[in-house]
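Colleague: Can you walk me through this one? I would like to start with the ligands and then look at the helices and strands.

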Amino acid sequence: MYPGIFESVLEATLPLYYPEGYYLPFSEKIKEAVGIPVSVVGKLMNPKVAEKALETGKCDLVSYTRPMFADSEIPNKMMQGRYDDIRRCCGCDHCVGDGFSGRMTECAINASFQREATYRIETAAVRKRVVIAGAGVGGLEAARVCATRGHEVLLFEKEPDVGGMIRDASKMPRLYMRELNYSVEWLSGQARKLGVQLKTGQEVTPALIEDLKPDAIVVATGSRPVVPAEIPGIDLPHVMTQEHYLKQGGKVEVGKNVVVIGGQFGAELCLSLAREGRNVTMIEEGHGNVASAPYLVKTVTRYIYCNVHLNKDQVNVRTGMKVNEIRPASIICTDSDGDSEEFAADTVFLCLPRAAENRLSAALKEEFAVGDAYHAGAAYNGTKLQLGDKPCDLYELGDCVEPRTMKEAIHQASLFCLAI
Ligand SMILES: Cc1cc2nc3c(=O)[nH]c(=O)nc-3n(C[C@H](O)[C@H](O)[C@H](O)COP(=O)(O)OP(=O)(O)OC[C@H]3O[C@@H](n4cnc5c(N)ncnc54)[C@H](O)[C@@H]3O)c2cc1C
Ligand SMILES: Cc1cc2nc3c(=O)[nH]c(=O)nc-3n(C[C@H](O)[C@H](O)[C@H](O)COP(=O)(O)O)c2cc1C
Ligand code: SF4
């Protein structure tokens, strides 16, 4: 079923925030009322959910749109029982944003979609030793592509778990975001099957690189939070970054009155906190900058639904507000007329635009760079390093170049690694 008119088109491609199989309750009712086969769409990316819907008679057929963008082999893989190999759509709606914006529709997690005629991961002529720094989605996809090409792949992650910022974002307590982690689950499963040597809890340093003497290094070290030291009170114990909160899966002490600084990146956190029954105030310095992080704006649906819910969930959205000072139980701001206002704040969250974590690549270039690495016909040119008597190519991708979205990180990895 499809909800028909143009005004309701957003309802068809519901993003994260809404459960898988969101139209199954409707197809079940329709099936009771009509005597013909009923087909249903809507986030049936999990094969088990789709099969159960058929088995329990909620529909006669399941239809796929986005799940087939993410993996056109779903039906074959299901018939072969290869459930773990299915690259599940994660409901991020990058593809929908492309459609609404007149761009070529691409899938954030599958760079080969729309490139079927040209995209090939072929075995490399020479097997190389490739070291990858960072096991976020960019580093994981780089590992998958390099290992598929037959390279020896050593993947290092400084945290105890893989998945980087996408894993953290999927842990939002009261906003349905967990499908985001499907991309991490699939990539890490494929990397394991392909023999990637993963070491977690290990930070990559120039000394480690010198020791390992790889033929190529992929730096996919992501981004880091920005904490504006100039704001008085920023070091108080009730102030924390969104990243810290998400890494703990929200299992930290949070008071009744909450202020979230940064409406572009903090909008989804505001929703989750408001749904826990807290009084949430969003403080955003820009005008009209609410829910405008790239991963929200570019998907269109998430941007729209996020704004709708901020209103419904009664988040106190205050734009054009500059933070002057954080106090133990409040925060002092100035509006665009220069008037001062105080907001009660038992807990303060920092959700500011992030900085590229490029310290490893900067240090490697500083110590070892000898020129550019040119690859005829490749999507990317790296930097040539000399590690003693060993030449080595350096590639940088994803948020460590510039914080953006998982689409850039995964697509760059899919394309750049064809040159290694
Ligand atoms: C709150 C939030 C929500 C988001 N939601 C979305 C979304 O819904 N959709 C979307 O498309 N994008 C989203 N993004 C953006 C997205 O998370 C990033 O664009 C994406 O994660 C970039 O992938 P990456 O692999 O480049 O970096 P990361 O995911 O940041 O991974 C980098 C990894 O490198 C590791 N690392 C760093 N230095 C070293 C080192 N020296 N040695 C070893 N390991 C190291 C880090 O620990 C980390 O695991 C969100 C961002 C934020 C902040
Ligand atoms: C990029 C894109 C374009 C779409 N275009 C149409 C369309 O032209 N007509 C239509 O009826 N549905 C269209 N849809 C909606 C899908 O048919 C489907 O109802 C919706 O994506 C939900 O199913 P899914 O979760 O399997 O993607 C489109 C969906 C996407 C993602
Ligand atoms: S872009 Fe996101 S929503 Fe669209 S098919 Fe790919 S994973 Fe699914």
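Predicted model: local features only at pLDDT ≥ 70, side-chain atom pairs only at ≥ 80, totals over all residues.

Colleague: Which residues come nearest to ligand 1?

Modeller: G134, G136, G164, G222 and G398, out of 38 residues around ligand 1. A residue is near a molecule if its C-beta atom, placed from the backbone, lies within 6 Å of it.

Colleague: Which element gives the most to that shell around ligand 1?

Modeller: Helix α8, with four residues. At least two residues each come from α7 (137-148), β4 (152-157), α8 (164-169) and α16 (406-416). Helices (H or I, at least four residues) and strands (E, at least two) are DSSP runs, numbered from the N terminus.

Colleague: How do the residues of the shell around ligand 1 divide?

Modeller: Into 18 nonpolar, eleven polar and nine charged. Ala, Val, Leu, Ile, Met, Phe, Trp, Tyr, Cys and Pro count as nonpolar, Asp, Glu, Lys and Arg as charged, and the others, Gly among them, as polar.

Colleague: And how many residues surround ligand 2?

Modeller: 14, with A12, V41, T65, R66 and G99 the closest. Helix α6 (94-101) is one of two helices that each supply at least two residues, the other being α4 (66-70). The largest share, three residues, is from α6. By class, there are seven nonpolar, five polar and two charged residues in the shell around ligand 2.

Colleague: New topic. What should helix α9 span?

Modeller: Helix α9 (residues 181-193) has 13 residues, so at 1.5 Å a residue it should span 18 Å, and its end C-alpha atoms are 18 Å apart, which agrees. The expected span is 1.5 Å times one less than the number of residues.

Colleague: Which residues of α9 are buried?

Modeller: Y182, S183, V184, W186, L187, S188, Q190 and A191. Buried means that 20 or more other C-beta atoms lie within 10 Å of the residue's own, with C-beta atoms placed from the backbone.

Colleague: What do those buried residues of α9 pack against?

Modeller: They pack against α7, β4, α8, β5 (197-200) and α16. Contact here is C-beta atoms, placed from the backbone, within 7 Å. After α9 comes G195, with a positive phi near 80°.

Colleague: Now the sheets. What is the order in the open sheet of seven strands?

Modeller: β5-β4-β3-β6-β19-β18-β17, with mixed pairing. Its edge strands, β5 and β17 (369-373), each pair on one side only. Two strands pair if DSSP finds at least two bridges between them.

Colleague: Which strands pair with β19?

Modeller: Strand β6 (residues 216-219) pairs with β19 (residues 390-396) in the parallel sense over four bridges. Strand β18 (residues 382-387) pairs with β19 in the antiparallel sense over five bridges. L394 in β19 stands opposite I217 and also opposite T383.

Colleague: Why is β19 largely enclosed?

Modeller: Because five of the seven residues of β19 are buried, the rest of the structure largely encloses it.

Colleague: And the open sheet of three strands, what is its order?

Modeller: β12-β13-β14, with antiparallel pairing. β12 (322-327) and β14 (340-344) are at the edges with a single partner strand each, so one side of each has no neighbour in the sheet. Five bridges join β13 (residues 330-334) to β14, and S330 has A344 as its bridge partner in β14.

How values were computed
Residues numbered from 1 in each chain as written. Chains lettered and ligands numbered in written order. Buried ≥ 20, exposed ≤ 12 C-beta atoms within 10 Å, placed from the backbone. Contact = placed C-beta atoms within 7 Å.
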